[in-house]
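User: Please take me through this model one feature at a time, giving the general idea of each before the case at hand.

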Amino acid sequence: MTQDSTERPLPQRWTQVCDTLASDPGIAMAIGTSDSGKTTWVKAAAQRLVQVGKLPVAMVDADIGQSTIGPPTTVALAFLDERLIPNFRIDCLPCHGLFFVGSVSPPGHLLQVLVGTKRLVDTAIRSGVGTVFVDTTGLIDQGQGFQLKLRKIELLGPRHLVAIQRGQELEPLLAVVAGRPGLRIHRLEVAPSARVRAPAERARYRSDRFAAYFAEAHPLELEAEQLILLAPPVGRLGTKVGRTSPLFQLHMLRREDLIGLVVGLHDSANETIGLGVCEEVSRDIRHIYVRTPVAAKAAIRILQLGNVYWDERGEGITQRERNAL
Ligand SMILES: Nc1ncnc2c1ncn2[C@@H]1O[C@H](COP(=O)(O)OP(=O)(O)OP(=O)(O)O)[C@@H](O)[C@H]1O
Ligand SMILES: [Mg+2]
């Protein structure tokens with residue numbers, strides 16, 4: 001399930017930026033287009049801090065599609081300490097915090113990505129770590145991607161912004177944030193060895209990560225009447241609830257909308273406990289049967305519906321893809 005198991009030496013400039021963090025800790029956010037090397041850099045920098053004893057560090061994986069911590073559809077947090085060394089695999093870190101976004105790409109879910117990232121970065125900082133790495137999606141286009149990255153920088157206030165680019169594609173964004181007090185921008189070139197992954201490989205990777213997350217899942221019966229059902233912000237399910245309420249009433253739900261749907265299982269404070277996948281719904285929609293690794297059934301109070309489906313063939317497909325089938 002690893003994104004790439006081949007270890008290649010990093011360009012010297014890349015390791016220099018890793019070293020900078022050892023003497024200047026803080027939030028370090030990596031940005032760049034898809035396959036530019038963001039995750040590669042985060043991993044290398046974290047390893048470097050480990051080598052020089054600057055532990056613990058935290059990683060917040062805000063990439064909701066090509067996730068390295070936790071399953072896709074989530075922002076996830078991991079703490080890294082010496083026990084995880086030397087067999088450090090960025091995609092095998094234990095997950096210490098989850099925020100269910102409900103989608104595998106940010107458009108339509110910008111607020112969820114922003115809030116989730118901020119919440120988990122705050123959690124990491126409160127725990128006393130020196131450096132928090134923030135890995136991000138490759139969405140940096142001039143529309144929503146630009147807005148998301150700009151606002152994320154404004155919200156998190158990172159000490160280090162590691163900008164990995166092929167040409168000048170990040171310069172418009174960097175021009176806007178360059179004057180922020182306390183921000184250090186590190187420009188890196190995409191390495192010649194960076195490997196572009198085709199959409200099918202990306203989908204397979206997502207699928208493998210869902211499979212790994214649900215590998216230990218067990219069936220759980222939920223009483224729909226005891227739950228608050230929170231609609232996704234976009235998509236067929238999202239528009240169903242109408243303008244008056246973001247909450248679902250039972251009669252609005254159809255079995256075919258729910259079967260295979262990935263949902264966030266949240267507690268009474270709307271914190272993500274874990275994810276579930278809907279397997280069956282009783283005829284009267286009063287009972288929803290999910291598979292989930294979550295054991296604490298009594299804590300589940302809110303069901304956040306997503307827009308991603310997972311079926312028994314192990315495919316993670318979005319609602320739009322499902323509608324097109
Ligand atoms: N500096 C580098 N040296 C060696 N290999 C690299 C380097 N940068 C990237 N690669 C390789 O290129 C591929 C993509 O890198 P990586 O996964 O880090 O990109 P990313 O920006 O995180 O992509 P995504 O936006 O999809 O998450 C991987 O196979 C990685 O091993
Ligand atoms: Mg990545």
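Predicted model: local features only at pLDDT ≥ 70, side-chain atom pairs only at ≥ 80, totals over all residues.

User: How does the reach of H3 from its first C-alpha to its last stand beside the expected value?

Analyst: The expected span of a helix is 1.5 Å times one less than its number of residues. Helix H3 (residues 110-126) has 17 residues and reaches 24 Å from its first C-alpha to its last, close to the 24 Å expected. Helix H6 (residues 199-214), with 16 residues, reaches 23 Å, which is close to the expected 22 Å.

User: Which residues of H3 are buried, and against what do they pack?

Analyst: Burial is read from relative accessible area: buried means under 20%, exposed over 50%, and partly exposed in between, with a 1.4 Å probe and protein chains only. In H3 the buried residues are Val113, Leu114, Gly116, Thr117, Leu120, Val121 and Ala124. Contact means heavy atoms within 4.5 Å, and the buried residues of H3 pack against S1, S2, S3, S4, S5 and helix H4 (144-156). In H6 the buried residues include Tyr205, Phe210, Tyr213 and Phe214, and also Arg202 and Arg206. Over the protein chain, 52% of the 325 residues count as buried.

User: In what order do the strands of the open sheet of 7 strands run?

Analyst: Two strands pair if DSSP finds at least two bridges between them. The open sheet of 7 strands has the order S4-S3-S2-S5-S1-S6-S7, and its pairing is mixed. Strand S4 (97-100) and strand S7 (184-189) are the edge strands, each pairing on one side only. Within the sheet, strand S2 (residues 57-61) and strand S5 (residues 132-135) pair in the parallel sense over 4 bridges, and the bridge partner of Ala58 in S5 is Val132.

User: At what angle does helix H1 run to S7?

Analyst: Axes are lines fitted to C-alpha atoms, for helices over the stretch in contact, and angles run from 0 to 180 degrees between N-to-C directions. Helix H1 (residues 12-23) lies across strand S1 (27-31), S5, strand S6 (160-165) and S7, running at about 155° to S7. Helix H2 (residues 38-51) also packs on the sheet, touching S1, S2, strand S3 (74-80), S5, S6 and S7, and its direction makes about 165° with that of S5.

User: How should I read the salt bridges, and how many does the structure hold?

Analyst: A salt bridge is a side-chain nitrogen of Lys or Arg within 4 Å of a carboxyl oxygen of Asp or Glu, and the structure holds 14 of them. Arg202 forms one with Asp35, the closest N and O atoms being 3.0 Å apart. Arg202 lies in helix H6 and Asp35 in the loop between S1 and H2, so this pair ties together parts that are 167 residues apart in sequence. Both Arg202 and Asp35 are buried.

User: Where do Arg119 and Glu271 lie?

Analyst: Their side chains meet in a salt bridge (2.2 Å, N to O). Arg119 is in helix H3 and Glu271 in the loop between strand S10 (261-266) and strand S11 (272-281), 152 residues apart, and the pair thus links distant parts of the chain. Arg119 is partly exposed at 36% relative accessible area, and Glu271 is partly exposed at 30%.

User: What separates Glu154 and Arg151 in helix H4?

Analyst: The side chains of Glu154 and Arg151 meet in a salt bridge (2.8 Å, N to O). These two residues are separated by about one helical turn, because they are 3 residues apart in helix H4. Elsewhere, Asp24, Arg159 and Arg184 are linked in a network of salt bridges.

User: Lastly, how many disulfides does the structure hold?

Analyst: A disulfide is a covalent bond between the sulfur atoms of two cysteines. The criterion applied is a pair of cysteine sulfur atoms within 2.5 Å, and the structure holds 0 disulfides. Cys18 is buried, with a relative accessible area of 2%, whereas Cys95 counts as partly exposed at 37%.

Key
Residues numbered from 1 in each chain as written. Chains lettered and ligands numbered in written order. Heavy atoms only, no water.
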